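Welcome! Here is a short briefing on strands, aromatic rings and packing, to read alongside the model.

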Amino acid sequence: MNVSITNLFKVPEIRSKILITLGLLLIYRIGFYIPLPGVNAAAVLDRMGESQEGFGRLFGMMNVLTGGSLQSATLFSLGVMPYISASIIFSLMTKAVPALEKIAKEGASGQRKINQYTRLATVLICLVQSWFVIGGSLSGEGNELLHKGVDQWFGVYTIVVMVSLTAGTMFIMWLGEQITENGIGNGISLIIMAGIISNLGPALSSMFSNAGTDTGVWQSLLMFIGAWGVTVIAVVFMTKAQRRIPIQQAKQARGREVYGGQKTYLPFKVNQAGVMPIIFGSALLMIPAMLGTAFGVTFLEQSFGAQNGFWFVLTFAALIYFFAFFWTSMMFQPNEIAKNLQEGGSFIPGIRPGKPTALFLEQTMVRITLAGSTFLAAIAVMPSLIGSTGNSSSMVLIYFMSGTSILIVVGVALDMVEKIQGLLVMRNYEGAMSEGGTAGPGQAANATSGWGRRSNSPQP
């Protein structure tokens with residue numbers, strides 16, 4: 001189905017959803033211009049731009065994912081990362097803890113309980129992360145990041161900032177829920193996508209401004225654009241790629257009629273784990289660099305503090321493989337699928353029902369996960385292999401071109417296009433139904449849809 005911008009705004013329902021989504025995203029961006037009380041935003045910006053190792057690299061990645069708010073010390077500094085962390089934790093716990101798994105299987109009421117637990121966990125994570133932000137960046141004697149006089153009431157100021165950062169994250173959660181209910185697409189995913197893309201424009205403008213004095217900037221920019229284009233094509237291909245396993249339904253005779261015998265497919269996504277292995281690997285890989293910086297361990301600081309180091313690339317790829325298989329094994333249950341197929345009277349041609357079917361599905365998923373994890377490792381370490389020039393604009397481009405950013409942006413864009421197409425299909429379906437219902441006996445043949453004409457034709 002061809003989707004154009006003019007056709008989208010001609011449909012009142014879709015137009016209202018698009019405007020609501022854009023309006024809520026605009027409110028989200030306004031929060032980036034509300035600074036934290038008592039913080040010297042210019043000093044924070046200078047400090048984060050100087051350090052590109054250890055904590056500086058950690059803040060650089062989090063700054064891109066939160067839309068630049070962490071670097072400018074604003075009300076939305078924590079972004080949606082605490083909520084994402086809480087969601088990942090409860091996604092794993094619902095598979096590992098029997099009590100939570102029982103609650104999750106209760107349907108809508110159970111899902112509401114899980115969502116409530118996730119929100120409470122988000123509050124706790126926000127408080128912990130905000131305390132680390134204050135203790136690691138804003139505290140210390142002679143600190144120029146705070147205005148004069150704030151250090152005299154630092155205890156009360158810490159509580160105020162922790163509450164402010166937590167309230168900002170909870171407000172972002174509320175905006176995401178409103179976008180999901182009244183807008184188009186998943187609200188939290190759109191917020192993350194907006195935060196990632198928001199840093200691309202300033203980074204490109206900074207590189208273009210330096211192009212007149214540095215001839216190597218154009219070469220770096222062309223290399224970034226070429227690699228990014230190839231990566232986007234590969235991500236779209238792997239996101240849509242499926243392994244379709246044929247399913248045959250058993251034939252059943254009822255009187256003189258024979259039912260069943262149809263052939264369907266069981267689709268398995270090649271990239272079953274999505275972006276989760278990269279998120280887990282990135283989070284764990286920050287620990288050695290931070291420990292090396294804190295305790296003065298030269299090997300850890302030099303090996304894991306630089307993105308293009310040998311041990312960094314090797315460890316990152318190994319963690320991606322490990323978490324890809326771990327996440328898939330937690331979410332994929334071949335025994336339940338085999339049991340459901342057997343109870344429904346379906347089977348895989350050439351495979352006996354029951355345990356052989358579960359073993360076949362498990363072996364198939366292992367091979368698929370191996371291909372998917374190899375793809376994730378390749379696009380995740382590609383920015384590290386390209387390297388960086390050391391300036392902040394290049395760092396932003398590298399993080400934007402990283403596996404996490406591209407998977408999020410491409411995945412959210414594809415999901416939004418599919419939902420818009422679904423709304424258009426539903427509108428056309430309702431229009432055809434209304435035309436078929438209001439048309440008279442002599443006008444039934446003039447229905448606009450092909451299936452409408454067939455439905456009004458005499459049945460044999």
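Two strands count as paired if DSSP finds at least two bridges between them. Helices (H or I, at least four residues) and strands (E, at least two) are DSSP runs, numbered from the N terminus. This is a predicted model, in which local features need pLDDT of at least 70 and side-chain atom pairs count only at pLDDT 80 or more, while totals for chains, interfaces and linings use all residues. Residues are numbered from 1 along each chain as its sequence is written, and side-chain values use heavy atoms, with hydrogens and water left out.

**The sheet**

- Three strands make up an open sheet with antiparallel pairing, in the order β4-β1-β5.
- Its edge strands are β4 and β5, each of which pairs on one side only.
- Strand β1 (residues 242-249) is joined to β4 by 7 bridges, and the two run antiparallel.
- Along this pairing, R243 faces F268 in β4, and P246 stands opposite Y265 in β4.
- On the other pairing, 2 bridges join β1 to the antiparallel strand β5 (residues 346-347), with Q248 opposite F347 in β5.

**Aromatic rings**

- Rings of Phe, Tyr and Trp (its six-membered ring) pair if their centres lie within 6.5 Å; planes under 30 degrees apart count as stacked, over 60 as edge-to-face and the rest as tilted.
- By this rule there are 8 aromatic pairs.
- One of them is the edge-to-face pair of F268 and F332, at 5.3 Å centre to centre with 85° between the planes.
- Because F268 lies in strand β4 (residues 263-269) and F332 in the loop between α15 (310-331) and α16 (334-343), this pair ties together parts that are 64 residues apart in sequence.
- Elsewhere, ring pairs link Y28, F76, F171 and W174 into a cluster.
- A charge sits over a ring if NZ of Lys or CZ of Arg is within 6 Å of the ring centre and within 35 degrees of the ring normal. R244 lies over the face of Y265 in this way, at 4.3 Å from the ring centre.

**Core and contacts**

- A nonpolar core is a set of buried Ala, Val, Leu, Ile, Met, Phe, Trp, Tyr and Cys residues joined through side-chain atoms within 4.5 Å.
- The largest such core has 60 residues, and I191, F268 and F316 have the most contacts inside it.
- Contact means heavy atoms within 4.5 Å. Leaving aside residues up to four places away in sequence, F316 touches I278, G281, S282, L285, A380 and V381.

**A loop proline**

- P37 is found in the loop between α2 (12-30) and α3 (41-50), and this proline is partly exposed, with a relative accessible area of 39%.
- Which residues does P37 touch, not counting residues up to four places away in sequence? They are Y157 and V160.
- The C-alpha atoms of P37 and Y157 are 8.5 Å apart, although 120 residues separate them along the chain.

Technical notes: Buried < 20%, exposed > 50% of the residue type's maximum accessible area, 1.4 Å probe, protein only.
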